[in-house]
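Please look over the sequence and the model before reading on.

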Amino acid sequence: MVFQLRRGDRVALVGCSNGRPPQEAALLDRTRAALEGMGLSPVESPVLYQVEGQSSGTPPERAEALMGYFRDPSIRAIFDVSGGDLANQLLPLLDFGEIAQNWKPFFGYSDLTCLLNAIYARTSLPTALYQVKNLGDRCGVDQQAAFSASLLEGRPDLWRFETRFLQGEGMEGVLVGGNLRCLLKLAGTPYWPDLRGRVLLLESFTGGSARIATGLCQLAQMGAFELAAGVLLGTFTQLDREEGPQALERMALDCIGPGLPVARTLQVGHGEDAKGAAIGLPVRLTAASRFPQGLPGQPER
């Protein structure tokens with residue numbers, strides 16, 4: 001199964017984490033317009049904008065909205081446009097058996113890391129780390145070109161990001177992970193992904209050196225770096241801005257230790273120019289190629 005759409009397909013915009021603030025309406029309008037410009041037909045979840053505090057609805061309401069789109073055969077992909085803190089409230093309310101029977105591409109980023117990895121852990125089916133709102137943001141022209149090329153034409157543009165090896169010369173395995181803080185919400189739960197032989201992707205938006213160090217330390221103490229086939233570091237927005245990208249790289253290498261391949265990309269994470277990453281699909285990275293191999297291929301429809 002791959003992330004492939006056809007012009008005319010209906011796609012859903014959902015919010016499984018924090019509700020969207022009213023001031024984001026214009027960005028979502030531009031995102032919908034971008035999808036429509038590609039020939040897709042977006043529909044909007046009834047629980048998307050903030051109604052009380054940070055939430056767009058109760059956990060059961062948000063879970064039922066998501067499950068409704070999985071059950072609906074006319075919906076060909078689901079794009080989560082939220083982020084924040086609340087996505088893991090939905091985990092015990094989702095029917096992973098139904099999701100497996102009605103699989104369709106599910107996209108999200110940041111706090112949606114916990115749902116992306118939980119779906120893969122419970123169904124063995126892939127999800128996509130990507131924020132569709134990038135289509136309507138400042139890098140929208142380039143994002144729309146890459147999105148259309150990959151999801152409508154089957155080319156690798158959206159999934160093709162440059163890497164640089166910090167340790168070792170190659171890594172290969174199924175990709176798991178995403179946002180460091182949000183991935184760690186799954187620790188000790190039935191939704192934690194199996195890391196044996198996996199390529200572990202880590203990125204972050206907020207967090208200075210102390211917060212990132214403690215997250216990496218927790219992974220080390222869990223034995224994550226002993227199980228993984230390699231670690232792919234994405235952007236760590238706050239830390240990279242405050243101390244430069246080398247600070248994260250030194251910290252990660254110290255925590256991970258020698259032996260395990262470690263690579264870095266500045267094109268996966270929270271940037272408006274960020275590329276997508278396929279959670280639950282094989283990836284092969286080599287120092288010689290600079291780009292991942294084994295990207296999502298042709299559709300099974």
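**Overall form**

The model is predicted. Its protein chain has ten helices and twelve strands. Along the principal axes, the C-alpha atoms fill a box of roughly 50 × 40 × 35 Å. For 301 residues, a compact globule would have a radius of gyration near 19 Å, and the value of 18 Å for the protein chain agrees with this. Among contacts with a separation of 6 or more, 80% join residues 24 or more positions apart. Of the 301 residues, 58% count as buried. The accessible surface comes to about 11,900 Å², and carbon and sulfur atoms account for 49% of that area.

In soluble globular proteins, nonpolar side chains tend to be buried together. In this model the largest nonpolar core has 67 residues, and those with the most contacts inside it include Leu-66, Phe-106, Leu-115 and Leu-202. Helix H4, residues 113-123, gives the most to this core, with six residues. Apart from it lies another core of 28 residues, among them Leu-13, Met-38, Val-81 and Trp-103.

Beyond its neighbours within four places in sequence, Phe-106 is in contact with residues including Val-14, Leu-66, Phe-70, Leu-115, Ile-119 and Ala-128.

**Cysteines**

How many disulfides does the model contain? The count comes to zero.

| Cysteine | Closest cysteine sulfur | Sulfur distance | Relative accessible area |
|---|---|---|---|
| Cys-182 | Cys-114 | 6.3 Å | 0% |
| Cys-217 | Cys-255 | 5.7 Å | 32% |

A disulfide requires sulfur atoms within 2.5 Å.

**A loop residue**

Where is Gln-54 found? Gln-54 lies in the loop between strand S2 (41-44) and helix H2 (59-71). With a relative accessible area of 47%, Gln-54 is partly exposed. Leaving aside neighbours within four places in sequence, Gln-54 is in contact with Asn-18, Gly-19 and Leu-86. Gln-54 and Leu-166 are 112 residues apart along the chain, and their C-alpha atoms are separated by 39 Å.

Methods:
Residues are numbered from 1 along each chain as its sequence is written. This is a predicted model: local features need pLDDT of at least 70, side-chain atom pairs count only at pLDDT 80 or more; totals for chains, interfaces and linings use all residues. Side-chain values use heavy atoms; hydrogens and water are left out. Helices (H or I, at least four residues) and strands (E, at least two) are DSSP runs, numbered from the N terminus. Buried means under 20% relative accessible area, exposed over 50%, partly exposed in between (1.4 Å probe, protein chains only). Contact means heavy atoms within 4.5 Å. A nonpolar core is a set of buried Ala, Val, Leu, Ile, Met, Phe, Trp, Tyr and Cys residues joined through side-chain atoms within 4.5 Å. The radius of gyration is taken over C-alpha atoms; the globule rule is 2.2 Å times the number of residues to the power 0.38. Accessible areas come from the Shrake-Rupley method with a 1.4 Å probe; for residues, only the protein chains shown count as cover.
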